[in-house]
Amino acid sequence: MKKIVVLVSGHGSNLQAIIDACQQNRINGHIAAVFSNNADAYGLQRAMHAGIPSCFLDPKAYPDRASYDIALFKAIDQYQPDLVVLSGYMRILSPDFVQHYYGRLLNIHPSLLPKYPGLHTHQKAIENGDKEHGTSIHFVTEELDGGPIILQAKVPIFEDDKLEDVIQRVQSQEHNFYPMVIDWFLNGRLSMKGHAAIMDGKVLPPQGYASE
């Protein structure tokens, strides 16, 4: 069975969606381990509750980002992952880390990229009067939130929406689609070549699959 390693920094709701999908055989694989840069990440508790090995690796124990990431991928490699999944992982990855897992490193970002890379995406969408928002699942490259997009899911923003409304609407889509994309990869349907996402042998358009 294919092996997944998940990196989290916080609450881990997408991690829980992946755990559930594995348990329900909606993902042709299992989570071999969960790593975090945050000792208090609830995602680590989710992993432990599911019987998944979990590890906190303290960034303060390393002199810089590059040395931390080298230690991280050496620890991850002990589990021989077929895929490394970022699930709310809040550290920028070093070029060495990205290259080490190039083509088998996925991220989910809460905006319709290339709109709103970085943080506070929901608030920016509301403040700018956007009528739609969403989430993007993409391969990770050295460009922040800039790797080939695999799938985007859109949600509406209504005039009376509060921030929590938008977050909940986006997360509902994330929990549906991230496990599905992971399964595509593990079943050999999805890959990255050059700077393009390939699905069933065909190059995906720049915005990947679009789901309303």
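Q: What should the 13 residues of helix α3 span, at 1.5 Å a residue?
A: Take 1.5 Å times one less than the number of residues. For α3 (residues 65-77), that gives 18 Å. The end C-alpha atoms are 18 Å apart, so the two values agree. Helices (DSSP H or I, at least four residues) and strands (E, at least two) are numbered from the N terminus.

Q: What should I keep in mind about the model and its numbering?
A: The model is predicted: local features need pLDDT of at least 70, side-chain atom pairs pLDDT 80 or more, while totals for chains, interfaces and linings use all residues. Residues are numbered from 1 along each chain as its sequence is written, and side-chain values use heavy atoms, without hydrogens or water.

Q: Which residues of α3 are buried?
A: Buried is under 20% relative accessible area, exposed over 50%, partly exposed in between (1.4 Å probe, protein chains only). In α3, the buried residues are Tyr68, Asp69, Ala71, Leu72, Phe73, Ala75 and Ile76.

Q: What do the buried residues of α3 pack against?
A: Contact means heavy atoms within 4.5 Å. The partners of these α3 residues are strands β1 (2-8), β2 (29-36) and β4, plus helix α4 (95-100).

Q: Which residues does UniProt list for the domain?
A: UniProt features use the numbering here, with shortened names, and may be inferred rather than shown by experiment. An unreviewed entry gives residues 2-182 as "domain: Formyl transferase N-terminal". That span is 36% helix and 24% strand. Its end C-alpha atoms lie 11 Å apart.

Q: Which residue does UniProt list as "active site", and where is it placed?
A: The unreviewed entry lists His109. His109 sits in strand β5.

Q: Is His109 buried or exposed?
A: His109 has a relative accessible area of 4%, so it counts as buried.

Q: How much space lies in the largest pocket?
A: Rolling a probe the size of a water molecule over the atoms shows where empty space is left. On a 1 Å grid over the protein atoms alone, a cavity is where a 1.4 Å probe fits but cannot get out; a pocket is an open set with protein on both sides within 12 Å along at least five of seven lines, and lining residues have an atom within 4 Å of a point. Points join across faces, edges and corners, and volume is the space filled by probe spheres set on them. Here the largest pocket holds about 940 Å³.

Q: Which elements line the largest pocket?
A: Helices α1 (13-23), α5 (121-127) and α6 (163-186) and strands β4 (83-87) and β5 (105-109) each supply at least two residues. Helix α6 gives the most, with five. The lining has 37 residues, and Gly88, Tyr89, Met90, Ile108 and Pro110 lie nearest the centre.

Q: How do the lining residues of the largest pocket divide by class?
A: Ala, Val, Leu, Ile, Met, Phe, Trp, Tyr, Cys and Pro count as nonpolar, Asp, Glu, Lys and Arg as charged, the others, Gly among them, as polar. The lining has 14 nonpolar, 18 polar and five charged residues.

Q: How much space lies in the second largest pocket?
A: About 170 Å³. Of its 16 lining residues, Gly147, Pro148, Ile149, His195 and Pro206 are closest to the centre. Ten are nonpolar, four polar and two charged.

Q: Is Lys162 buried or exposed?
A: Lys162 is exposed, because its relative accessible area is 56%. Lys162 belongs to the loop between β7 (149-156) and α6.
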